[in-house]
Amino acid sequence: VVIDAKVSLVAYEKFCSADNEKEKNAALAAHIQAVRNHIRLLSRKNYADLPGLKSPDFVLMFLPIEPAFMVAMQNDDKMFSDAFSRRIIVVTPTTLLATLRTIENIWRFERQNRNTRAIAEMAGKIYNKLKGFIDDMDKLDKQLATARTSFDRAMGKLSTGRGNLVSQAEKFVELGVKVKKEIALPSAELPGEI
């Protein structure tokens, strides 16, 4: 946040030390003009456009003497709105910290909004990946069921169904065919099955 504290208070000092009404009025007019001139000059500096400076598009103009601000505003009711239209906010010792706190809160909310958007994007990506994973698991479950059915059919033909190959081959042994080893049947479970 750019805070400018270079406003001239020479005319205000003359206003405060004036001995008569004429000097006082002239000093007041000079003070108001000095504050307005500083607002005008400050608005031309375009601090927000400086490269590398991440600043809001407004500047805080600090008047270190509260009564100098009050007398200028009381006698020029458009000064504050004119300054604001030029993206200048006039602050004093009593309003500076509150203004900075407000800016900090706005920035914090902005960071939270950016974080919320990033979290929402990440959540969408995770959701889509999870959906794809569930679809793949469902597909794999169907493929395993198909493999189990195919395995069970093959085992039926080999050893468990009526007229299976093993029982027919055993009849050869019963009829006297000489064999070196007996048939060892494979497990009826798929690999990896518990």
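This is a predicted model: local features need pLDDT of at least 70, side-chain atom pairs count only at pLDDT 80 or more; totals for chains, interfaces and linings use all residues.
The largest nonpolar core has 24 residues. If you want to find the middle of it on screen, click on I39, M61, M79, I88 and V90, which have the most contacts inside that core. Who contributes? Helix 1 (10–17), helix 2 (21–44), helix 3 (66–75) and helix 4 (79–85) each put in at least two residues, and so do strand 2 (59–62) and strand 3 (88–91). Helix 2 gives the largest share, with six residues.

Now, salt bridges. How many does a search of the whole structure find? Eight. Let me start with D82 and R36, whose side chains meet at 2.7 Å, N to O. I like this one, as it links distant parts of the chain: D82 sits in helix 4 and R36 in helix 2, 46 residues apart.

Over to helix 5, residues 93–160. K131 and D135 form a salt bridge there, with the closest N and O atoms 2.8 Å apart. These two are four residues apart, about one turn of the helix. Both are partly exposed: K131 has a relative accessible area of 43%, and D135 has 37%.

Further along there's D152 with R148, where the closest N and O atoms are 3.2 Å apart. Again we have two residues of helix 5, four apart, so about one turn of the helix. D152 is partly exposed as well, at 40%. And going back to R36 and D82 for a second, salt bridges that share partners join them with D76 into one network.

What about the rings? The whole-structure search turns up one aromatic pair. There are also charges over rings: K24 lies over the face of F15, 5.0 Å from the ring centre, and the charged end of R108 sits over the ring of F109, 5.5 Å from its centre.

Last stop, the outside. L130, F133, I134, M137, L140 and L144 make a nonpolar surface patch, with about 590 Å² of accessible area together. I134, for one, is in helix 5.

D19 is in the loop between helix 1 and helix 2, and D19 is exposed, at 73% relative accessible area.

Key
Residues are numbered from 1 along each chain as its sequence is written. Side-chain values use heavy atoms; hydrogens and water are left out. Rings of Phe, Tyr and Trp (its six-membered ring) pair if their centres lie within 6.5 Å; planes under 30 degrees apart count as stacked, over 60 as edge-to-face and the rest as tilted. A charge sits over a ring if NZ of Lys or CZ of Arg is within 6 Å of the ring centre and within 35 degrees of the ring normal. Patches are made of residues with over 30% relative accessible area and no salt bridge: like charges are joined within 9 Å, nonpolar side chains (Val, Leu, Ile, Met, Phe, Trp, Tyr) within 5 Å. Accessible areas come from the Shrake-Rupley method with a 1.4 Å probe; for residues, only the protein chains shown count as cover. A salt bridge is a side-chain nitrogen of Lys or Arg within 4 Å of a carboxyl oxygen of Asp or Glu. A nonpolar core is a set of buried Ala, Val, Leu, Ile, Met, Phe, Trp, Tyr and Cys residues joined through side-chain atoms within 4.5 Å. Buried means under 20% relative accessible area, exposed over 50%, partly exposed in between (1.4 Å probe, protein chains only).
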